[in-house]
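Subject: Structure handover

Hello,

Here is the structure I said I would pass on. Please look it over first; my notes follow below.

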Amino acid sequence: MTSTADKARELLRLHTDPELLLVVNVWDVITAKVVADTPGTKALATASHSIAASHGYPDGEQIPRDLMIEAVGRIAAAVDLPVTADLEGGYGDAGETVARAIDVGIVGANLEDQMKPLADSVRAVEAAVAAGERAGVPFVLNARTDAFVKAGDREPQDVLAEAIERGRAYLDAGAATFFVPGMLDEAAVTSLVEALGRQKVNLIGIPGSLPLARLQELGVARVSYGPWSQNVALTALARLAEDVYAGGGLPEGTRKLN
């Protein structure tokens, strides 16, 4: 794969394939290279929370858009795999943000609805899709709803119903897939797939999530890991520091990966 359009077509194929697409999120060039070189990796995804944290910013579009675009562009340039970027809510202009991401080699993106009014969220999806069309790239937009992560004390069935409503609206507006982060049980996942279609729903892997094999059976398209991959790395770093301060040293099995 050499062109941005070729990588976008491959990323879309990976989502529509019945085999569950697994993407371990990365946040800089060295993590991208390590994951890309790991057997089984077919595509990469960035994590906005992790990129922001690595630059000293809190999550939630606090990192300047220019810096985020630069960071994801460096990752895309460092590997030969399709890269999809977490672009949060689009930084106030989803179309322009996606256009700039495409310019630096990104071929897909998460776009959060942040539970804004549905009409506003649909317009953002439409703008992002149009940016891909103008660039001549079959951009893989992964429209995300925060219905579950911001559910509060709402009734679970009401949350599920709103997620399905938003998913249908975003897919109708041109999104390739629909991302529903949160702790979802099997009944909720089944309902989402039945309502929106197989290979249309993407989930996040978190402690306590359903087994990957079961998610593939249910027709989920993709599982990503968001900031959890960075937390795994940071946990290893913290344990190293703890062991060193206790008189130990490097753990057995440490590999030289950079």
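How many positive and how many negative side chains does the chain have, and how far apart do the centres of the two sets lie? The chain has 23 positive side chains and 35 negative ones. The centres of these two sets lie 4 Å apart. Please keep in mind that this is a predicted model.

On the overall fold, the chain contains 10 helices and eight strands. Its radius of gyration is 18 Å, close to the 18 Å that the globule rule gives for 258 residues, so the chain is as compact as a globular protein of that length. Along the principal axes, the C-alpha atoms fill a box of roughly 55 × 40 × 35 Å.

Of the contacts in the chain with a separation of 6 or more, 66% are between residues 24 or more positions apart. The accessible surface of the chain is about 12300 Å², and carbon and sulfur atoms account for 53% of that surface.

I also looked at one residue in detail. Arg144 is part of strand 5, which covers residues 140-144. Is Arg144 buried or exposed? Arg144 counts as buried because its relative accessibility is 17%, and buried means under 20%. Which residues is Arg144 in contact with, leaving aside its neighbours within four places in sequence? They are Leu111, Glu112 and Asp113, together with Val149, Tyr170, Phe179 and Pro181.

Regards

Notes: Residues numbered from 1 in each chain as written. Predicted model: local features only at pLDDT ≥ 70, side-chain atom pairs only at ≥ 80, totals over all residues. Heavy atoms only, no water. Helix = DSSP H or I, 4+ residues; strand = E, 2+ residues; numbered from the N terminus. Rg over C-alpha atoms; globule rule 2.2 N^0.38 Å. Contact = heavy atoms within 4.5 Å. Areas by Shrake-Rupley, 256 points an atom, 1.4 Å probe, with all protein chains shown as cover. Lys, Arg positive; Asp, Glu negative; His and termini not counted. Charge placed at Lys NZ, Arg CZ, Asp CG, Glu CD. Buried < 20%, exposed > 50% of the residue type's maximum accessible area, 1.4 Å probe, protein only.
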